[in-house]
Amino acid sequence: MLRVRNLRAGYGNVEVLHGVSLHVDEGEIVTIVGANGAGKSTLLSSLAGIVAPMAGIALFDGARINALPAEAVVARGCVLVPEGRQIFADLTVAENLLLGGYLRCRRGGRRALDQDLQRVGELFPILEHRDTQQAGTLSGGEQQMLALGRALMARPALLMLDEPSIGLAPLVVREILDVIIRLRREGTTILLVEQNARAALSISDRGYVMETGRIMLEGTAQELSANHDVRRSYLGREYRRIEE
Amino acid sequence: MIWNQKYETMTRDQMDQVQLERLQATLHRTERNVAFYRQSFSGHGVKSDDIRDLADLRRIPFTAKDDLRKSYPYDMFAVPLRDIVRIQSTSGTTGTPVVVGYTRNDLRTWAECVARVLAAGGMTEHDVVQVAFTYGLFSGGFGLHAGAERIGASVIPASTGSLEKQVRIMKDFKTTALACTPNYALAIASAARDMGISNGELALRAGYFGAEPWSEGLRSLLEQSLGITALDNYGLTEVLGPGVSFECERKDGLHVNEDCFILEVIDPKSGETLPAGSEGELVLTTITKEGFPMLRYRTGDLGSVTREPCPCGRTLARMTRIRGRIDDMIILGATKIFPSQIEEIITAEPGLAPHFQIHLDRRDGIDTLTVLVEPADARNDAGTSAAVGNPFDRVAHRMEAVLGVIAKMERAEPGSISRAGEGKLRRVVDKRRI
């Protein structure tokens, strides 16, 4: 579904991604693990069309997306849930969700969104109860659900999530993970970027480890979890001896 | 039977993507973690970032056996020793041994690769696999063992040793598949005959032979004498152990586990990459190994590769059976021949046993080749009389006609060559070297 070869991207003259190659097959949950500054967000932003890549190719369902503007990428079914949620704080929950379906509304009218609103309400009952509430007054976990719900309104075939667990309590993280698992079961392919490697790998099929803008390791979630470097750097393994 | 549908039947496009990703990750890791590769890259003015395509692999410098020997024991390991859970090594008969290490993931991948080898010959959990490779530092024993165990077969870690013991086990434990070197299998077959045990008394149906080159003639012989289908598989400790490539039921080339290895064929003199179909030296790059990655390792083995689709359904590229190692090549004046070619001729001759040894010498400035052969065991054969004509002359004639070599034939006492070793036989004795 998604095939990326040698993607280079950055900001101004600073290259942050140094030739990243990866792929996501239909129906998979793939995680990109890495520390702060590894380039994970830049990767998703360049795929989403927010940051224009400097070189390389990204193919979505066989068609190039690396030169497309962001709205064209969404139109093709590849949707980003950005880091830090970035919900529209001054609008209501319902308005945020409707905006997520903007492109589909333009094509098929307001009615086209009814089914999706219903589905989002089912996935996140808490949002249904607060649909007239100002989005900025929601808790962190609720905002994350809203951001997710908003993305789902665009009916993505590939959902890209940038650090969905950041700043959230463990119980809430668990809820978000459960939703992601459910989404995959219902046919959405997932590309997940996470510092919380343990949580992300626990629900993923495969993963990539990024460091300083490069992929250092690729494998199944099981392989990454068993890799000692990953355990030391990202899984917070218990150190028994100082030199570990 | 295809063990791993996903990786053994991928489209070329998908496999190229998998190989590129894994190659780039491997290059980044080795550049960072292995001093030898870091120096090698900078010495050649290349960085891991420069590799944007599989074709760019040729910009990476080769790794030679000597480099591995100089790194004895652990200098080329890419992870700290505490992450290595297994150590194996080459025998060191031709110099300092090469020591290799495996992480937990590496062991898992190894077992997966060998499982594919065995499944290709139909192995399932219902089979009883006798692993008659030496268990120890040599990677053959443990490699076949792990693959058979992964399949769920009943594994007998017989190792090498007494031939009579091997036959007893084969019969009593109801072995269905034998894994060992082809010459050891020949010796086991001989021993079975000596013990008066016929194929009907054995449950054997398949043989997985490797660790040395063997001819089609030897394959037919093994299939007939043991009543099995005999399959070739290829690997080397420096790169993995067994499991790099394997024959399918078509016996038309060995499928390379391309999701784990990138195979190139080069001209051994110039180092130029050769196109598919051309014979040259096989060069292997590991793309999944964590503990001991190998970049463009010159194997010294001669073969060629093809991407033509195989009727078995696998899309994995195929390499030819190994004709010989570059070092095995015998140069006599202007003629170049391989022991396996001589094996082909001898095994086709019913009047001779399939055991032979080559002696090279120099007399009055001229190179001479003598072939020591044993006459066929009169009890052996299926219907042909060993006494008809002169088998030695026939072989000498064929060697001249087919190989362009004038060989002196010498009769050796029956059994003097055949039982001479439990693993690899010393095929060539070259007295020309000072």
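In helix α3 of chain B, which spans residues 35–43, the buried residues are Tyr37(B), Ser40(B) and Phe41(B), where buried means that 20 or more other C-beta atoms lie within 10 Å of a residue's own, exposed that there are 12 or fewer, and partly exposed that the count falls in between, with C-beta atoms placed from the backbone. These three residues lie on the same side of α3(B), because they cover an arc of only 100 degrees around the axis, the arc being that of the directions from the helix axis to the C-beta atoms. An α-helix has 3.6 residues a turn, so residues three or four places apart point the same way. The face of α3(B) turned away from its buried side carries the exposed residues Ala35(B), Gln39(B), Ser42(B) and Gly43(B). The buried residues, for their part, pack against α2 (12–33) of chain B, and just after α3(B) comes Gly45(B), with a positive phi of about 65 degrees. Helices here are DSSP runs of H or I with at least four residues, strands are runs of E with at least two, and both are numbered from the N terminus.

This is a predicted model, in which local features need pLDDT of at least 70 and side-chain atom pairs count only at pLDDT 80 or more, while totals for chains, interfaces and linings use all residues. Residues are numbered from 1 along each chain as its sequence is written, and chains are lettered from A and ligands numbered from 1 in the order in which they are written.

Chain B as a whole is assigned domain 1 (1–326) and domain 2 (329–430), with bounds that come from an automatic or database domain assignment. The centres of these two domains of chain B, taken over C-alpha atoms, are 29 Å apart. Their contact takes 19 residues from domain 1 of chain B and 15 residues from domain 2 of chain B, two residues being in contact if their C-beta atoms, placed from the backbone, lie within 7 Å. On the domain 1 side, α8 (182–194) and α9 (216–226) of chain B each supply at least two residues, and the largest share, 5 residues, comes from α8(B). By class, that side has 7 nonpolar, 9 polar and 3 charged residues; Ala, Val, Leu, Ile, Met, Phe, Trp, Tyr, Cys and Pro count as nonpolar, Asp, Glu, Lys and Arg as charged, and the others, Gly among them, as polar.

The helices α8(B) and α9(B) also meet each other, with Pro182(B), Ala185(B), Leu186(B) and Ala189(B) of α8(B) touching Leu218(B), Leu222(B), Ser225(B) and Leu226(B) of α9(B). This contact has 7 nonpolar, 1 polar and no charged residues. The axes of α8(B) and α9(B) come within 10 Å and cross at roughly 35 degrees, where axes are lines fitted to C-alpha atoms, for helices over the stretch in contact, and angles run from 0 to 180 degrees between N-to-C directions.

Some backbone details lie in loops. A cis peptide bond, with omega of about -10 degrees, joins Tyr72(B) and Pro73(B), and Pro73(B) is found between α4 (65–70) and β1 (86–89) of chain B. Lys251(B), although not a glycine, has a positive phi of about 50 degrees; this residue sits in the loop between β8 (241–247) and β9 (254–256) of chain B, and Lys251(B) counts as partly exposed because 14 other C-beta atoms lie within 10 Å.
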